[in-house]
There are 2 protein chains.
Amino acid sequence: MTTASLTGQERKAPGRPRNAQADEAILRAVLDLLSEGQTVAAISIEAVAARAGVGKATIYRRWANKEALIIDAVAAMKGPLPALAGESVRDDLVTLIKANRSGHSRGYSKVTACLLPELLRDDSILEMYKGVVEPRRDLMRSVLRRGIETGELRDDLDIELTLLMLTGPSMMHGLFQWQPRVPDEGFVEKLVDGVLRGAAA
Amino acid sequence: MTTASLTGQERKAPGRPRNAQADEAILRAVLDLLSEGQTVAAISIEAVAARAGVGKATIYRRWANKEALIIDAVAAMKGPLPALAGESVRDDLVTLIKANRSGHSRGYSKVTACLLPELLRDDSILEMYKGVVEPRRDLMRSVLRRGIETGELRDDLDIELTLLMLTGPSMMHGLFQWQPRVPDEGFVEKLVDGVLRGAAA
């Protein structure tokens, strides 16, 4: 069994339940396969088991099917909902987008893109995915609504369009190595500032 | 052979070369398969031939491999580079983004998303894809540069970030049926205006 963990921990934590370690190895194997460009269709429970160094039965005891396992891996990659300072819209948006991108620094920037064909083809996995991402999107909506109320944001702001303007560039950023023209360093802050202040002179 | 065409023409045009009709049926078959959520890996020349109503040999005579065929289909979907009025940055950006999205109205909004895993895995198909999209992105860059020169855009504008802010939301828009909150009608104009004027009060 590999001891690599989703939190970047490389050594076996003393006293840690064996099940939690196996779970992490399994979730990490799924994310590794997806981030290598494997599609959901191409990923098998066998491949995940082999990569994680566990038996297939260990996976089947914990997850009903491959789709549920993959969605759990995405949820683990994204981590818990972040705490917001609640002071400025700008800072809360930066916090939320950075939390959404927390997998990028661990090499998982391609995971969502590799999931897309399956999400577009299979409504049941899409519903599960929605369960992971919609609470995050709702939190972003509430920050935008608060900004309109406090007068930080224009009162005719289209919240759904703004959500798309914040999340779309973040998802596309860094997907392709031939597009390194927007550096990682400071990207989220620049994106939020760009959305807030506009391009017009 | 199907007479459906990429230009939406449903009847056989008199005097039209048979090869051009076969090509269109083949390219359309590729786009139909991709827009159903099929991945590049899952699409075979056999499946394309069957869908297009042609023999496999007809495809192999024209395309060296599946990847070249798929990239040609994407190029056909996007159509030629649009002519720009060159008067306002806003109108030229609307024209360019609408041209990029011209496949959407024909049901092809999912094609790029379904290509992503392959583009992320295979550098050779990524290079071909780049040949299709980079001239479009360069045109958008030149419009933004012109806007800075004419004073329509702020002179400290980050062109690459702005490109991402225009193309990222456009790609994500309409991918998911559970996200119909930003209507198609007027979307491109609202996106460009949103990027230009900013969200801050």
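Helices (H or I, at least four residues) and strands (E, at least two) are DSSP runs, numbered from the N terminus. The model is predicted: local features need pLDDT of at least 70, side-chain atom pairs count only at pLDDT 80 or more, and totals for chains, interfaces and linings use all residues. Residues are numbered from 1 along each chain as its sequence is written, chains are lettered from A and ligands numbered from 1 in the order in which they are written, and side-chain values use heavy atoms, with hydrogens and water left out.

**A loop residue and an annotated region**

A:L81 is found in the loop that lies between α4 (66–78) and α5 (89–100) of chain A. With a relative accessibility of 45%, A:L81 is classed as partly exposed; buried means under 20% relative accessible area, exposed over 50%, and partly exposed in between (1.4 Å probe, protein chains only). Leaving aside residues up to four places away in sequence, A:L81 touches A:P135, A:R136 and A:L139, where contact means heavy atoms within 4.5 Å. The C-alpha atom of A:L81 is 7.6 Å from that of A:A99, and the two residues are 18 residues apart along the chain.

In an unreviewed UniProt entry, residues 44–63 of chain A carry the annotation "DNA-binding region". UniProt positions are given in the numbering used here, feature names are shortened, and annotations may be inferred rather than shown by experiment. This stretch, residues 44–63 of chain A, is 75% helix and 0% strand, with its end C-alpha atoms 13 Å apart.

**The interface**

The size of an interface is often given as the accessible area lost when the parts come together. Between chain A and chain B the buried area is about 5,000 Å², and carbon and sulfur atoms give 69% of it; buried area is the accessible area (1.4 Å probe) that two parts lose on being put together, summed over both.

Four salt bridges are counted between chain A and chain B, a salt bridge being a side-chain nitrogen of Lys or Arg within 4 Å of a carboxyl oxygen of Asp or Glu.

**Salt bridges**

Over all chains, the whole structure holds 32 salt bridges. The table lists some of them.

| Salt bridge | N to O distance |
|---|---|
| B:R197 and A:D156 | 3.5 Å |
| A:E160 and A:R141 | 2.6 Å |
| B:R90 and B:D91 | 3.4 Å |
| B:R141 and B:E134 | 3.2 Å |

B:R141 is buried, at 1% relative accessible area, and B:E134 is buried at 12%. One network, joined by salt bridges that share partners, contains A:E134, A:R137, A:D138, A:R141, A:E160 and B:R181. Within chain A, A:E160 is buried at 14% relative accessible area and A:R141 is buried at 2%. By contrast, B:R90 is partly exposed at 29%, and B:D91 is partly exposed at 39%.
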